[in-house]
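Biologist: Could you walk me through this model slowly? I am still new to reading structures.
Modeller: Gladly, ask whatever comes to mind.

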Amino acid sequence: MLPIFKSDFSIGKSILTLDLPKPEEDLESSDSIFSIAVENKLSKVVLVEDSLTGFLEAFKNSKSLGIELIFGLRITICNDSSIDPKTDKGESDNKVIIFAKNNKGCKLLNKIYSTAFTKGNGRLDYDVLSKLFTSDLDLVIPFYDSFIFNNTLFFKSCIPNFSFCDPKFLIERNNLPFDSLIEEKVKSYCDKNDLNYIEGKSIYYKNREDFQSYQSYKCICSRSFSSRSSTLDKPNLDHCASSEFSFESYLESCGT
């Protein structure tokens, strides 16, 4: 099972930082991905972010620690990015993860990210992505917020086009009520289209006991970016009904 970290550079999505490990006597206000990696002797860190703002810090710190960094950009894709999202109300919006395989791939991620926000209102479509995509990149379909997820649970009309690559699909099990349904759909799609899926686990905090801190942080960010009133009693947060998005849960899933 692949541990897939996200940092606080993806605002509102994680309480893990990209800081270098600190001495044990130093009291940290939050946990670091690299502290977790060193503590558990991870030779590589898979980092999936919703922006590129944390890439440089992640790259520098991973290099100083001798840890391989595998960086992925999670970005919105739709049927037609030329349409204003206010017009189609995000009817075909879904998420993909684009991983850089080398230095050229990192430069391409920057170009893809810039293209999405200068020409696509923060979104890509498959036609645009296919023109930018090369063998220096890998395309991975996340378990949550993918076209399968959105079409199944929200009856959206996301139409994928993988003619330019062979994507891999993630499967996660985090004790959410719809996990088994989405897993079944993903496996069926992969079998029909001769594609591969891999098991992963999204990690947003270190231990299960950190879930309330994570939820509080998401409530604060939700109040900042929307008009919804979010509290711990009524957080109004999607996919926030499970405390299993922790590194502790990952270790238990692996039997360690």
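Biologist: Which residues are linked in a network of salt bridges?
Modeller: The network links Lys6, Lys13, Asp50, Arg74 and Asp145, where a salt bridge is a side-chain nitrogen of Lys or Arg within 4 Å of a carboxyl oxygen of Asp or Glu. Please keep in mind that this is a predicted model, in which local features need pLDDT of at least 70 and side-chain atom pairs count only at pLDDT 80 or more, while totals for chains, interfaces and linings use all residues. Residues are numbered from 1 along each chain as its sequence is written, and side-chain values use heavy atoms, with hydrogens and water left out.

Biologist: How far apart are the closest N and O atoms of Arg74 and Asp50?
Modeller: In the salt bridge between Arg74 and Asp50, those atoms are 3.5 Å apart. The pair links distant parts of the chain, 24 residues apart, with Arg74 in strand β3 and Asp50 in the loop between β2 and α2. Helices (H or I, at least four residues) and strands (E, at least two) are DSSP runs, numbered from the N terminus.

Biologist: Are Arg74 and Asp50 buried or exposed?
Modeller: Both Arg74 and Asp50 are buried; buried means under 20% relative accessible area, exposed over 50%, and partly exposed in between, using a 1.4 Å probe and protein chains only.

Biologist: How many salt bridges does a search of the whole structure find?
Modeller: The search finds 15 salt bridges. One of them joins the side chains of Glu39 and Lys206, at 3.0 Å from N to O. Glu39 lies in helix α1 and Lys206 in the loop between β8 and α8, so this pair ties together parts that are 167 residues apart in sequence.

Biologist: What about Glu252, which residue does its side chain meet in a salt bridge?
Modeller: Glu252 meets Arg208, with 2.7 Å from N to O. Because Glu252 is in helix α9 and Arg208 is in the loop between β8 and α8, the pair ties together parts that are 44 residues apart in sequence. Glu252 is partly exposed, with a relative accessible area of 45%, and Arg208 is also partly exposed, at 25%.

Biologist: New topic: why does Ile182 count as buried?
Modeller: Ile182 counts as buried because its relative accessibility is 0%. Ile182 lies in helix α7, residues 179-193. Leaving aside neighbours within four places in sequence, Ile182 is in contact (heavy atoms within 4.5 Å) with Phe143, Phe149, Thr152 and Leu153. Ile182 and Phe143 are 39 residues apart in sequence, and their C-alpha atoms are 7.7 Å apart in space.

Biologist: And where is Lys89 found?
Modeller: Lys89 is found in the loop between α3 and β4, and its phi is near 55°, a positive value in a residue other than glycine. At 74% relative accessibility, Lys89 counts as exposed.

Biologist: What about Phe155, what is its phi?
Modeller: Phi of Phe155 is near 55°, again a positive value in a residue other than glycine. Phe155 lies in the loop between α6 and β7, and Phe155 is exposed, with a relative accessible area of 68%.

Biologist: Last one: how many helices and strands are in the protein chain?
Modeller: The protein chain has nine helices and eight strands, and of its 256 residues, 48% count as buried.
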